Number of protein chains: 2
Amino acid sequence: METVSTSRSFEGVQGVYRHASEATGCDMTFAVFVPPQAAKGPVPVLWYLSGLTCTHQNVMDKGEYRRHAAEHGIAIVCPDTSPRGADIPDEKDNWQFGSGAGFYLDATEAPFARNYRMATYIAEELPALVAAQFPVDMTRQGIFGHSMGGHGAITLALKNPGRFKSVSAFAPIAQPSTAGWSRPAFEKYLGADEAAWRAYDSTLLIEDGHRVDELLVDQGTADSFLNDGLRPWLLEEACRKAGIALTLNMREGYDHSYFFISTFMGDHIRWHADRL
Amino acid sequence: METVSTSRSFEGVQGVYRHASEATGCDMTFAVFVPPQAAKGPVPVLWYLSGLTCTHQNVMDKGEYRRHAAEHGIAIVCPDTSPRGADIPDEKDNWQFGSGAGFYLDATEAPFARNYRMATYIAEELPALVAAQFPVDMTRQGIFGHSMGGHGAITLALKNPGRFKSVSAFAPIAQPSTAGWSRPAFEKYLGADEAAWRAYDSTLLIEDGHRVDELLVDQGTADSFLNDGLRPWLLEEACRKAGIALTLNMREGYDHSYFFISTFMGDHIRWHADRL
């Protein structure tokens, strides 16, 4: 693992790191904020998964998480959203597929199956690296994310029972397997058989019996993706049927941007802190 | 004035606006955060001047000011750092002159004197526009900034006595007329006669009798520009001689980035709120 940069911030350290990933077959970059409490012993770790088009950097710059992470003594890990590099299959002019659009799944279709293995990367490879390199207590993990990363956070929590003590999301894609902006990606990554898509769809995973105890979601009412792409009511319905305690906050007038995310970042980190 | 974008954030509104500027002879873009308290009546206004290479956007994205502005009920205005556009004289490969490097002065030398009139723009034209277009109380203004913008904030406060009830800076350029990274710009904008440069130099303005009551400065000890470009001890010495109450916080391990600025943004906005 190579250190790209470190800066002192809120008495902790915001770092950016790079490593050769076996899962994705390329160099991957990620950000870690280590709070000041880590000087006294291992701290809980909270994973933040970003949305379409983002790298590790967007939320690091605009998410305003450090103040709250330092207050509660939690490390925040911000991975990239896809494999990167000139040799990675891509559709340069398509923001909903390829670079920046890994959808936190393991692709099965050529030529994408070789590199687009973000589920394995986020669930296995990166946690092992973080556990080895940072002063974190891996028995206390939480996960959250935004949009495509909200989908990623919820699906990873559903599929790894017991791993995460807390899960939340900002404006998650509730049912990517039926949403117009994600269906084409799912087909390219996973093939035409939609049965395989269920393993990467929050609402369908719940329908298939996967569970988390509780879930916090914030969603802006002025979000331009609300009705076609995000559709939190599908998650609400799935949670209701499954008996999952969903707290869904519809935030009047908020959009899909980091102006929205940063506003409610403190609430989410407090939610995780209470459970970590 | 044209609205470029607005987003709800921290129950207020973060907007970006554009207007044809007479002072700079081009379209200028700026950001304004209006806090929720403005719904009940005019709020104080705090000017944030950015550093070299920045536009209005850097601090808007990375400064983490909205939480504190909303808490204290203060509007934050973030202007650009120079005139912009294809017709503006520039040195494209020089980050210390031209675009992004207006130094908050009024140039007197051709061909720069036509457009590089940021002192007039920030002190006269933009305040008139902001007063007319936003729910602000112009009898309660404060000003702060970073690096070149710290220089701008302090010089504007010194030269406009009574205008600003509070002034502070993150890592300001204390004496730009003698610093290597600003001397060439001063010469191109203001000519070879260094007497004219004194009007845009914090320490020399103080030496020449200009005053503010008090001044808050935060400076990171790991700032790579500390010894050659910033030199807060020159400001300390000038303030000491002039009897200006300077609070200079040397922040151990902090660098010149927004990771530093955002850490102490809350302290600065509280400082201004107490005086507005």
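Buried area is the accessible area (1.4 Å probe) that two parts lose on being put together, summed over both. By that count, chain B and chain A bury about 2,100 Å² between them, with 48% of it on carbon and sulfur atoms. On the chain B side, B:Arg8, B:Glu64 and B:Phe259 lose the most area to chain A, together 33% of what that side buries. This is a predicted model, where local features need pLDDT of at least 70 and side-chain atom pairs count only at pLDDT 80 or more, while totals for chains, interfaces and linings use all residues. Residues are numbered from 1 along each chain as its sequence is written, chains are lettered from A in the order in which they are written, and side-chain values use heavy atoms, leaving out hydrogens and water.

Now for the contacts themselves. 25 residues of chain B touch 25 of chain A, contact meaning heavy atoms within 4.5 Å. There are 2 salt bridges between the chains, each a side-chain nitrogen of Lys or Arg within 4 Å of a carboxyl oxygen of Asp or Glu. B:Glu64 turns up again here, in a salt bridge with A:Arg66 (3.5 Å, N to O).

What about the largest pocket? A pocket is an open set of points on a 1 Å grid over the protein atoms alone, where a 1.4 Å probe fits, with protein on both sides within 12 Å along at least five of seven lines; lining residues have an atom within 4 Å of a point. Of its 20 lining residues, the closest to the centre are B:Cys54, B:His146, B:His256, B:Ser257 and B:Tyr258.
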